[in-house]
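Q: I would like to learn how to read a structure like this one, feature by feature. Where do we start?

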Amino acid sequence: MPDDAAVVLAGSDVADAALSGLLQPRKTLPAKLFYDEAGCRLFARITELPEYYLTRTELALLAKVAPRVAATVGGPAVLVEYGASDETKAGFLLRESSPAAARHDPVFRAYVPIDVAAPQLLALRARLRQDRPDLTVCVLAADFMDIVALPHEVPALPRLGFFPGSTIGNLDPSQACRFLQRARQALGGQSWFLVGVDLRKDPAILLPAYDDAQGVTAAFNLNLLDRLNREADADFDLASFRHRAVWNDVDSRIEMHLESLREQTVRVAGHAVHFAAGETIHTENSYKYAPEHFAALAEQAGWHSAEM
């Protein structure tokens, strides 16, 4: 891949991705459409909200486990992060050095951040070139679900896959299994994978994390419609939709929806999309796992859990 290459969703791609779900009997929008420039800014605000426990909890866990993970990998190695719009979480691992090396060299000599948010990836690479000139950074702007091989310039070293943020919870279990299988293929034999998974807990804790008092998550969800207006020649009236977060106990997941407040017809890229009052667009799932259930899913995909 060229040094300044980036993959972005063009207007026709946004429209096609949206219509593939909006024209179905049960309307959906793909979560990858969340992350335009405005969506990335809103999500950054979400991670700082008092109700959104996930980021704080994961950062604390990474501070504890990073030395043990680095000791297991040993190095030199490559860190491959799936869904990496910034290097904050990877930084816990990239800072680790190998005590066995004469100069305590960093365990990870190369970093491959993968994400659909191309502008954020390019900014990430520029920062790391300043902060870590010794680190080879190979950005890959793509949907991580589609990755079956890494760029040819990635060094031929052992690899640690890294998928933080409980983002794997946004995939249904069959998709998650398929992703883990593809990641194992891309990372190769004798690789490792560190995955952040959110656990089942009281809905009284879960629901506010996806429907905060300040309305930031609602703005993040509604930005999907604003993006379609900007990029897919749509005419959504945002005041005619509202954000909803629902706990589905049977499927062990939080669901995010956009509910139509009235009967209406919206045009998207020349196509008429009719909504009944109360009809929703299902925009995202966030599965919450019991530890043994996720371990079984990973083993189904060919991985084996390890104590650290």
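Q: Is Ala296 buried, partly exposed or exposed, and how do I read that label?
A: Ala296 has 44% relative accessibility, so it counts as partly exposed. Ala296 belongs to helix 9, residues 291-300. Helices here are DSSP runs of H or I with at least four residues, strands are runs of E with at least two, and both are numbered from the N terminus.

Q: What kind of model is this, and what are the ground rules?
A: This is a predicted model: local features need pLDDT of at least 70, side-chain atom pairs count only at pLDDT 80 or more, and totals for chains, interfaces and linings use all residues. Residues are numbered from 1 along each chain as its sequence is written, and side-chain values use heavy atoms, with hydrogens and water left out.

Q: How far is Ala296 from Val69, in sequence and in space?
A: The two are 227 residues apart in sequence. Their C-alpha atoms are 21 Å apart in space.

Q: How do I judge the overall build?
A: Compare the radius of gyration, taken over C-alpha atoms, with the globule rule of 2.2 Å times the number of residues to the power 0.38. With 308 residues, a compact globule would have a value near 19 Å; the protein has 20 Å, which agrees. Its C-alpha trace spans about 70 × 45 × 35 Å along the principal axes. The protein holds nine helices and 11 strands. Of its 308 residues, 49% count as buried.

Q: How do I read a strand, and which way do the residues of strand 1 point?
A: In a regular strand the side chains alternate between the two faces of the sheet. In strand 1, Ala77, Leu79 and Glu81 point one way, and Val78, Val80 and Tyr82 the other way. Strand 1 covers residues 77-82, and six of its six residues are buried.

Q: Which strands pair with strand 1?
A: Two strands pair if DSSP finds at least two bridges between them. Strand 1 runs parallel to strand 2, residues 108-115, with six bridges. In that pair, Val78 stands opposite Ala110. Strand 1 also pairs with strand 5 in the parallel sense, over four bridges. There Leu79 stands opposite Leu160.

Q: What lies on the way from strand 5 to strand 6?
A: Begin with the pairing. Strand 5 (residues 159-163) and strand 6 (residues 192-195) run parallel, joined by four bridges. Leu160 stands opposite Trp192. The chain crosses from strand 5 through helix 6, residues 173-187, to strand 6, and this β-α-β crossover is right-handed. Right-handed means that, with the strands pointing away from the viewer, the path from the first strand over the helix to the second runs clockwise.

Q: How do I read helix packing?
A: An α-helix has 3.6 residues a turn, so residues three or four places apart point the same way. In helix 2, residues 37-46, the buried residues are Ala38, Gly39, Cys40, Leu42 and Ile46. These buried residues pack against helix 5 (118-131) and helix 8 (216-231).

Q: What holds for the side chain of Arg253?
A: A polar contact is a pair of N or O atoms within 3.5 Å; within protein, one must be able to donate a hydrogen and the other to accept it, and residues adjacent in sequence count only if both atoms are side-chain atoms. The side chain of Arg253 makes one of 2.9 Å with the side chain of Glu255 and one of 2.7 Å with that of Tyr287. Arg253 lies in strand 8, residues 253-260. It counts as buried, at 14% relative accessibility.

Q: Where are the positive phi values of Gln190 and Asp233?
A: Both sit in loops. Gln190, with phi near 60°, is in the loop between helix 6 and strand 6. Asp233, with phi of about 50°, lies in the loop between helix 8 and strand 7 (241-248).

Conventions:
Buried < 20%, exposed > 50% of the residue type's maximum accessible area, 1.4 Å probe, protein only. Contact = heavy atoms within 4.5 Å.
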